[in-house]
Amino acid sequence: MTCHCDDNLVEPQDACPRCGQRHVDNLIWIDDGQRVRCATCLFVYTPPALRREGGDDHDQQP
Ligand SMILES: [Zn+2]
C-alpha cells in the first residue's frame with residue numbers, strides 16, 4: 001500500500017493512548033460503536049471525541 005493516506009488517520013486525540021496508532025484500518029469499533037480496539041497493541045479504549053458526545057448521560061445508566 002502506498003502511504004498517501006492522511007485521510008485515513010483519526011484525530012490525534014482519538015489515537016490509541018497506548019501506542020499512538022491513528023490509522024482507521026487499525027482501530028476497530030466494538031461494542032456497537034462505544035469503544036475502539038487497537039489492532040496494533042489490542043488496547044481497548046473510548047475515543048475522547050465520543051466520550052465528549054455522550055458524556056452527559058450520567059442519569060441514563062442501564
Ligand atoms: Zn495501540
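**Sheet, hairpins and core of a predicted model**

Trainee: Which residues is alanine 49 in contact with, leaving aside its neighbours within four places in sequence?

Mentor: This is a predicted model: local features need pLDDT of at least 70, side-chain atom pairs count only at pLDDT 80 or more, and totals for chains, interfaces and linings use all residues. Residues are numbered from 1 along each chain as its sequence is written. Two residues are in contact if their C-beta atoms, placed from the backbone, lie within 7 Å. Outside its four-place neighbourhood, alanine 49 contacts Glu11, Gln13 and Asp14.

Trainee: Is alanine 49 buried or exposed?

Mentor: Alanine 49 sits in helix H1, residues 48–53. A residue is buried if 20 or more other C-beta atoms lie within 10 Å of its own, exposed if 12 or fewer, and partly exposed in between, with C-beta atoms placed from the backbone. Alanine 49 has 11 C-beta neighbours inside 10 Å, so it counts as exposed.

Trainee: What distance separates the C-alpha atoms of alanine 49 and glutamine 13?

Mentor: Along the chain, the two residues are 36 apart. Their C-alpha atoms are separated by 7.6 Å.

Trainee: In what order do the elements of the protein chain run from the N terminus?

Mentor: Helices (H or I, at least four residues) and strands (E, at least two) are DSSP runs, numbered from the N terminus. The chain has 1 helix and 3 strands. Their order is β-β-β-α.

Trainee: Which element has the lowest mean pLDDT?

Mentor: pLDDT is the predictor's confidence in each residue, from 0 to 100. The chain mean is 80, and 69% of residues reach 70 or more. E3 has the highest element mean, 96. The lowest, 66, belongs to H1.

Trainee: Which are the edge strands of the sheet?

Mentor: Two strands pair if DSSP finds at least two bridges between them. Here 3 strands form an open, antiparallel sheet in the order E1-E2-E3. Pairing on one side only marks strand E1 (27–30) and strand E3 (44–45).

Trainee: How many bridges join E2 and E3?

Mentor: E1 pairs with strand E2 (residues 35–38) over 4 bridges, in the antiparallel sense. E2 and E3 also pair in the antiparallel sense, and their bridges number 2.

Trainee: Which residues form the covered face of E2?

Mentor: In a regular strand the side chains alternate between the two faces of the sheet. Arg35 and Arg37 are on the uncovered face of E2. Its covered face holds Val36 and Cys38.

Trainee: Which residues make up the largest nonpolar core?

Mentor: A nonpolar core is a set of buried Ala, Val, Leu, Ile, Met, Phe, Trp, Tyr and Cys residues joined through C-beta atoms within 7 Å. Buried residues make up 11% of the 62 residues in the chain. Beyond four places in sequence, leucine 27 touches Val10, Cys16, Gln21, Val36 and Cys38. The largest core has 5 residues: Ala15, Cys16, Leu27, Val36 and Cys38.

Trainee: Is glycine 33 buried or exposed?

Mentor: Glycine 33 lies in the loop between E1 and E2. In that hairpin, with 4 residues between the strands, aspartate 31 takes a positive phi near 55°. Glycine 33 has 8 C-beta neighbours inside 10 Å, so it counts as exposed.

Trainee: What distance separates the C-alpha atoms of glycine 33 and threonine 46?

Mentor: The pair is 13 residues apart along the chain. The C-alpha separation is 9.1 Å.

Trainee: What is the phi of leucine 42?

Mentor: Leucine 42 lies in the loop between E2 and E3. That hairpin has 5 residues between the strands. Leucine 42 is exposed because it has 10 other C-beta atoms within 10 Å. Although leucine 42 is not a glycine, its phi is positive, about 65°.
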